Amino acid sequence: MSDDGPRPDLVIAIDFGMTCTGVAFCNVATGEETVRWLQKWPGRANAVENKVPTVLVYPKNTAEASSWGFLSEKPTEQMSEDKDCKEWFKTFLDETKLQAAQRQGGCPFSSIQEIERLYCDFFRFLYQTIQQKLQGEIASRWEDANIEFIFSVPTTWKPVPTVERFRSTIERAGFGKFPNHKASIGLTEAEAAAVHTARVFPKLFNERDVLLVCDVGGGTTDLCILRVTGTGGMGSLSLEQIDVVQGATIGSVQLDTSFEISVRERLDMANRTMPLGFQTKELDDIAWEMAKSKEYQNAKCEYGSTEDDTPYFTVAIPKLNRAYVNESAGIAYGEMKFRRDEIQSYFDAQIIKLFELIDKQLTRMQQKFPTEQVAHLVLSGGLGNSTYVQRRLRERYSFGNCPFQNASSLQVRIAPEPQLVVCKGIVADRVQKLKSGKSVLGWRCSRASYGTLCKVLYNPHNPQHYGQHTEKDSLDGKLYVTGCINWFIKQGEPVSIDFPIVKHFTRKCAPSTRFNPNPPRIFPTAVVTSELDKDMLPLVMNSSCQELCSITSDFSRLPLTMFKLKNRHWWNTGEKYHRIEYVVKVALGPADIRFELWHNGQKISNDHPIKVEWFAAEAPPDPVPVQNMNGQQWASVANLGMNGNGGGNGWATTGRPGAGFAGGNGWKN
């Protein structure tokens with residue numbers, strides 16, 4: 001959307017990870033273009049750490065966290081019996097995943113409200129740390145500075161309600177609470193990884209190269225297909241998305257969970273044959289602590305490298321008497337012994353799913369773009385930093401081994417600084433947009449189609465109009481097909497990041513009279529969505545479409561004299577009315593759609609992402625005819641737009657649930 005607000009002093013990107021969270025920033029106010037990142041965190045004194053653990057600790061039966069991040073790693077926090085450690089909660093903001101985990105049993109989280117509280121508490125601590133560390137970067141007071149906070153979100157999240165729920169939690173935590181502060185959703189993780197890699201290695205890619213970017217993190221994996229559209233040098237390489245972003249629940253946390261389950265089974269076996277002296281709950285805690293141990297984490301991270309030259313590794317069993325020996329369970333001298341190749345099975349379970357995800361994407365590419373060749377597979381993220389994962393990917397997809405014709409010469413590239421690639425890529429993209437007016441990622445594809453309900457002038461020669469419901473308009477006496485959809489974004493089609501879609505609308509309102517001096521000028525619009533292939537989108541609303549929300553454009557604050565009065569001459573026989581002509585600009589974001597309302601070249605609405613109160617939608621109001629920009633007669637049931645305050649010259653919004661917009665684990669992801 002347009003950058004017509006004040007230029008930011010600071011651009012700050014937050015990569016909220018399943019196990020660790022990173023923060024990158026750029027001091028734009030000083031003319032700086034270098035992307036830096038936080039390396040000093042509470043609880044680490046003078047140590048340098050690129051990320052902070054996504055962990056909270058709560059005293060039992062209390063709602064207030066006692067520590068977070070590195071502070072939660074203190075023995076008094078981790079080992080205390082009257083405290084609970086909360087981690088690995090990122091993916092459960094998607095309520096469908098939370099419910100699935102609860103059905104399987106063993107889920108440590110009781111409700112989506114608990115997950116939202118964990119998010120709010122963690123982000124509150126994070127916000128306080130960011131303010132403490134970066135307020136010295138700016139000349140003005142923190143609350144007066146123009147600061148942009150940009151967050152990444154996983155591709156696997158449904159933008160509504162999951163991304164909107166995420167947006168709510170960061171706002172409640174304090175991000176964007178001051179008038180000059182702005183919190184927004186930026187690039188997806190895979191998109192940000194591509195931007196950072198392209199900027200660091202601009203000469204690595206050639207014009208028109210197709211990149212398959214794979215960000216394999218702690219809990220989720222994102223894939224996106226990009227084409228290099230410009231190699232201007234000096235880090236100004238440009239990219240466009242040519243297919244929708246894909247995602248799956250693949251990550252390093254699943255390795256840790258598998259190891260924890262294996263440890264718990266061996267502890268049970270040992271306890272049956274020779275009691276360990278622990279209660280059942282204590283065995284659960286011991287297995288969890290062993291999965292967090294440096295011995296296991298080091299063995300996992302080193303697996304597949306030249307450093308894992310011994311066939312075994314051991315992990316200490318907390319609180320176990322060193323005199324305990326149980327050879328059948330591999331326990332001796334207070335330690336449990338493991339073969340390194342046991343770790344391979346944990347890796348392979350994730351790698352098989354990763355192969356399936358990549359194969360599916362290459363198959364889609366072959367079907368949609370049969371002449372295109374994928375030149376590079378760019379690997380990033382915590383699990384993507386694994387030597388073993390890198391080797392397996394090269395064995396399958398490089399050196400002419402790829403089973404897909406459209407990737408016969410594919411090369412696997414490792415993103416620089418894989419732990420920081422997401423937050424640094426987000427900042428780099430925003431800084432380039434501020435500098436040149438264009439983002440690094442200039443085009444993206446929507447994962448769904450979006451349109452507005454309208455009515456179309458009936459054409460007896462159009463076979464699509466046969467059998468459709470029609471109504472005669474009371475103002476012009478013409479026959480219209482009702483319940484039609486004007487699709488303004490279609491699934492998979494590239495949409496510009498820097499230049500919004502422009503839609504022209506015309507509406508009618510009654511003239512002022514003595515009895516009605518201020519006639520209403522408020523026009524609602526129903527926005528609908530569909531996940532059908534773009535070639536199968538219907539003309540008329542049916543079961544394949546879902547009403548996403550109702551958005552209201554409000555011209556009440558504009559005087560009637562601004563709108564042309566029609567049928568004002570003595571020879572006109574029709575009723576007088578004012579014709580309101582205006583423009584709606586629509587911009588597709590990574591996880592939302594933004595709308596702007598313009599009249600006579602002036603923006604008359606605030607630029608906000610859609611924020612809606614979702615409910616069971618009522619029947620739309622009777623449509624009123626308008627003329628669209630192509631001359632075809634459309635009648636919008638409502639027009640695009642919204643404003644958080646819901647009044648004046650803004651846009652108020654209502655909607656329904658279930659729809660969505662397209663739109664410390666060793667590796668510290």
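Q: How do β14 and strand β17 pair, and over how many bridges?
A: Strands count as paired if DSSP finds at least two bridges between them. In this structure, β14 and β17 (residues 335-339) pair in the antiparallel sense, over five bridges. Helices (H or I, at least four residues) and strands (E, at least two) are DSSP runs, numbered from the N terminus.

Q: What am I looking at, and how are residues numbered?
A: This is a predicted model: local features need pLDDT of at least 70, side-chain atom pairs count only at pLDDT 80 or more, and totals for chains, interfaces and linings use all residues. Residues are numbered from 1 along each chain as its sequence is written, and side-chain values use heavy atoms, with hydrogens and water left out.

Q: Which residues of β17 are the bridge partners of Y312 and A316?
A: Take Y312 to begin with: its bridge partner in β17 is R339. For A316, the partner in β17 is E335.

Q: In what order do the strands of the open sheet stand?
A: Read across the sheet, strand by strand. Four strands form it, in the order β14-β17-β16-β15, and the pairing is antiparallel.

Q: How many bridges join strand β16 to β17?
A: Two bridges join β16 (residues 331-332) to β17, and these strands run antiparallel. In β17, M336 is the bridge partner of I331.

Q: Which residue takes a positive phi in the hairpin of β16 and β17?
A: Look at the turn. This hairpin has two residues between the strands, and Y333 takes a positive phi near 55°.

Q: Which residues make up the covered and uncovered faces of β17?
A: Compare the two sides of the strand. M336 and F338 form the covered face of β17. E335, K337 and R339 form the uncovered one.

Q: What lies over the face of F338?
A: R266 does, at 4.6 Å from the ring centre. The test: NZ of Lys or CZ of Arg is within 6 Å of the ring centre and within 35 degrees of the ring normal. Now try a lysine. The charged end of K455 sits over the ring of Y480, 4.6 Å from its centre.

Q: Is strand β10 buried or exposed?
A: Buried means under 20% relative accessible area, exposed over 50%, partly exposed in between (1.4 Å probe, protein chains only). In β10 (residues 210-216), seven of the seven residues are buried, so the strand is largely enclosed by the rest of the structure. Check each face in turn. On one side V210, L212, C214 and V216 are buried, and on the other L211, V213 and D215 are buried too.

Q: Which strands does β10 pair with, and in which sense?
A: Follow β10 to two partners. With strand β11 (residues 221-230) it pairs antiparallel over seven bridges. Six bridges join β10 to strand β18 (residues 374-380), and those two run parallel.

Q: Which residues stand opposite D215 and L212?
A: D215 stands opposite D222 in β11. L212 stands opposite L377 in β18.

Q: How many residues lie between β10 and β11 in their hairpin?
A: Count the link between the strands. β10 and β11 form a hairpin with four residues between them.

Q: How is a pair of aromatic rings described?
A: By the distance of the centres and the angle of the planes. Rings of Phe, Tyr and Trp (its six-membered ring) pair if their centres lie within 6.5 Å; planes under 30 degrees apart count as stacked, over 60 as edge-to-face and the rest as tilted. By this rule the structure has 32 aromatic pairs. Y119 and F123 are a tilted pair, because their centres lie 6.1 Å apart and their planes stand at 55°.

Q: Where do Y119 and F123 lie?
A: Both are in helix α3 (residues 112-134), four residues apart, about one turn of the helix. Y119 is buried, and F123 is too.

Q: Why is the pair of Y127 and W142 edge-to-face?
A: Check the angle. The planes are at 70° and the ring centres 6.3 Å apart, so this pair is edge-to-face. Y127 lies in helix α3 and W142 in the loop between α3 and β8 (147-151), so the pair ties together parts that are 15 residues apart in sequence.

Q: Are Y127 and W142 buried or exposed?
A: Y127 counts as buried, at 3% relative accessibility. W142 is buried, with a relative accessible area of 3%.
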